[in-house]
Amino acid sequence: MIFAVLAAAAGHRVTVLERLPFVGGRTSSLEAGGFRFDLGPTFFLYPRVLEEIFASAGADLNSSVPMTRLDPQYRLVFGAKEASCSTHLDATPDIARMEQEIARISPSDAAGFKKFLAENRDKLAAFQGCMQSPFTSWSDIITPKMLGLLPHLKPHLDLDKYLQGFFKDPRIRTAFSFQSKYLGMAPFRCPSLFSILSFLEYEYGVYHPTGGCAAVTAALADLARSLGVRIKLHEPVTGMTFEKKRVTGVTSVQQSYRADAVIMNADFARGMKRLVPNELRASWTDQKIAKKKFSCSTFMLYLGVMGLFLACLITRFASLPTTKKIYRKSTSINRHTQIHLSTFRIACVTDPTLAPSGKSTLYLLAPVSNQLAKTDWKTEAPRLRKRLLQEAAALGYEDLEKRITFEKIITPDDWEADYEIHLGATFNLAHTLPQMLHLRPQNRFKDISGLYLTGGGTHPGSGLPVIFESARITTRLMLEDMG
Ligand SMILES: Cc1cc2nc3c(=O)[nH]c(=O)nc-3n(C[C@H](O)[C@H](O)[C@H](O)COP(=O)(O)OP(=O)(O)OC[C@H]3O[C@@H](n4cnc5c(N)ncnc54)[C@H](O)[C@@H]3O)c2cc1C
């Protein structure tokens, strides 16, 4: 949708074909019984990129979607099943209060916070250019500028090891590393570069868009329409048309369209396998895709309940040895459905528009294996549901089950079948170093002229502000190519 806005603002005629009856994909909402839940991301980071995108199309993000900065950003609960044995940390962007929070758990770690912020401020400034540029080959990497970034990149360190330089207590490190779950990765495997995710939260804030994150994609669609973009909902693309090595258009369930350029935002691996013949994509054949690493998936429980809750956003971690053991195994091909981390979002605390009066929305998320684990979700789903309700009870929501008036579960199999996500890997291709920069699918697809890619499975990567950058890069490349 961002591509559509930017290309239309630059004077191009754009048609968006969307297979679902609504826009937003993973950043859409589920609505039922007067409740509205964010389907995927439940809060927003670094709105600056989006503000710039709205501004470049002559619009204003904040008047289109008012955003509330959360403080505390969230509560992290560490430890045992019994609430009385657990510790919590209320993460706040207020530096003095955050130092006090850290000191309450680990006094000697409080001084690491400012050091962490300072180092990551430099790191983000150094890397911003990478996130805004296309990378096409090694020659884009082996440049004096890129080599100058190596001291920041620290390729020999994973995120947890990197944080050991600032914080001794593993609970404090968890507070600054669990954000790797936004990429579907464990901190023990995630490159240290991604410490910028937690930095972004503290430096630029965690926001709740009024109406939920789906309000942002809906506002983008409104903006696109106001610029003349045709958005055709419920119209799946079934293939593309080609002349030799050039794409000439797409075919949908309803009709064929000719196009000077085709931009694919469908899940990269799924879109390639379904829409582009294998023989036309030497760099991303089915065999090559099969060898890639994919992120974990998520098990979701969306509950509409009677009564009002006070907490807003809580992430609860299992006891530390359990967390570490599961995280260590937690690759894309893991075989666990044990919960080591669960997120509870009660967004209606911040935004009463999301639930009927006197009722609450609860969003419960547990990261789990993607479909490579071959889990039987028919038997596993009821077990995990029970487990998540036990987790909720440990947080004090003991009578939750009796209060449920609406309930929906989404498993990795549902992500795959209903949302067309390869392996149900909700966070796309993993962000390992061999799958980043020019080694990630590039925004200008080099095997087929006229075909461009955007979305979490492409450069620069997954996570919302980063995906927005991918759409900006794609637009720039297409505009350059079309003169
Ligand atoms: C439960 C969950 C929690 C998450 N939490 C976070 C978070 O906290 N922070 C964060 O940064 N990220 C989070 N993410 C990840 C984030 O949602 C995704 O990375 C991002 O939304 C992906 O955007 P995308 O444009 O690449 O794909 P999508 O949003 O999936 O968009 C692809 C679009 O293409 C459409 N499409 C697919 N195939 C076709 C076809 N054949 N024809 C026509 N249309 C088609 C789809 O319907 C969809 O609208 C979360 C994801 C999930 C599922």
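This is a predicted model: local features need pLDDT of at least 70, side-chain atom pairs count only at pLDDT 80 or more; totals for chains, interfaces and linings use all residues.
Residues are numbered from 1 along each chain as its sequence is written.

**View 1. The shell around the ligand.** Here you have 28 residues around the ligand, and the closest are G25, R26, G40, A266 and G455. By class, the shell splits into 12 nonpolar, 11 polar and 5 charged residues. Strand β14 (297-306) and helix α19 (464-481) each bring at least two residues to it. Helices (H or I, at least four residues) and strands (E, at least two) are DSSP runs, numbered from the N terminus.

View 2. Strand β2 (residues 29-32) and strand β3 (residues 35-38) run antiparallel, joined by 4 bridges. Two strands pair if DSSP finds at least two bridges between them. Look across from E31 and you find R36 in β3. The hairpin has 2 residues between the strands, and G33 takes a positive phi near 60°.

**View 3. An open sheet of 7 strands.** Follow the strands in the order β7-β6-β15-β16-β17-β14-β18; the pairing is mixed. At the edges sit β7 (87-91) and β18 (404-410), each pairing on one side only. On average, neighbouring strands of this sheet are turned by 15° against each other, direction ignored. Those angles use axes that are lines fitted to C-alpha atoms, for helices over the stretch in contact, and run from 0 to 180 degrees between N-to-C directions.

**View 4. β14 beside β17.** Inside that sheet, β14 and strand β17 (residues 359-368) pair in the antiparallel sense over 10 bridges.

**View 5. Stepping back to the chain.** The protein chain has 19 helices and 19 strands. Its radius of gyration (taken over C-alpha atoms) is 22 Å, close to the 23 Å from the globule rule (2.2 Å times the number of residues to the power 0.38) for 483 residues, so the chain is as compact as a globular protein of that length. Its C-alpha atoms fill a box of roughly 65 × 55 × 45 Å, taken along the principal axes.

Methods. A residue is near a molecule or strand if its C-beta atom, placed from the backbone, lies within 6 Å of it. Ala, Val, Leu, Ile, Met, Phe, Trp, Tyr, Cys and Pro count as nonpolar, Asp, Glu, Lys and Arg as charged, and the others, Gly among them, as polar.
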